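Thanks for making the time this morning.

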Amino acid sequence: MADFRTLELITAGGPTTIVIGARALEELARLLDQADLGSPAAVVSNDTVGPLHGRGVAEAVGARSYFELPDGEAFKRWPQVETICAEWLAHGVHRNDVVLAVGGGVVWSGAGWGGVGWCGVVWCG
């Protein structure tokens, strides 16, 4: 088992646990199970982080859907969210499924707004 450090962030919406460790991506499936989240139905990344980490994460956790957004603030737009939702529809992602965002702010925003629009998908960023 890898050596991890955890940080619990307390917010108005409730606590969030942040896991930090050199091998956290390799242990991601186990960590998600340990948090009672199971396997994400979808992974969203971007075309910079995706080739480095996103595709491997999607494969490791057995996601049904993997989608890469274009990188950059210029792409933080509703048409990108619509494309994410269309991808989820095509791959049977449902309202109670977990979505994992692998990347920075544009990825988190796109996956988060897609999740909100997709009737409350449980979002793990």
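On the surface, Leu-7, Leu-9, Ile-18 and Ile-20 form a nonpolar patch with about 340 Å² of accessible area together, where areas come from the Shrake-Rupley method with a 1.4 Å probe and, for residues, only the protein chains shown count as cover. Patches here are made of residues with over 30% relative accessible area and no salt bridge, nonpolar side chains (Val, Leu, Ile, Met, Phe, Trp, Tyr) being joined within 5 Å and like charges within 9 Å. Strand 1 (5–11) and strand 2 are the elements that give two or more residues to this patch, strands being DSSP runs of E of at least two residues and helices runs of H or I of at least four, numbered from the N terminus.

This is a predicted model, in which local features need pLDDT of at least 70, side-chain atom pairs count only at pLDDT 80 or more, and totals for chains, interfaces and linings use all residues. Residues are numbered from 1 along each chain as its sequence is written, and side-chain values use heavy atoms, with hydrogens and water left out.

Leu-7 lies in strand 1 and, at 46% relative accessibility, counts as partly exposed, that is, between buried (under 20%) and exposed (over 50%), with a 1.4 Å probe and protein chains only.

Note on methods: A salt bridge is a side-chain nitrogen of Lys or Arg within 4 Å of a carboxyl oxygen of Asp or Glu.
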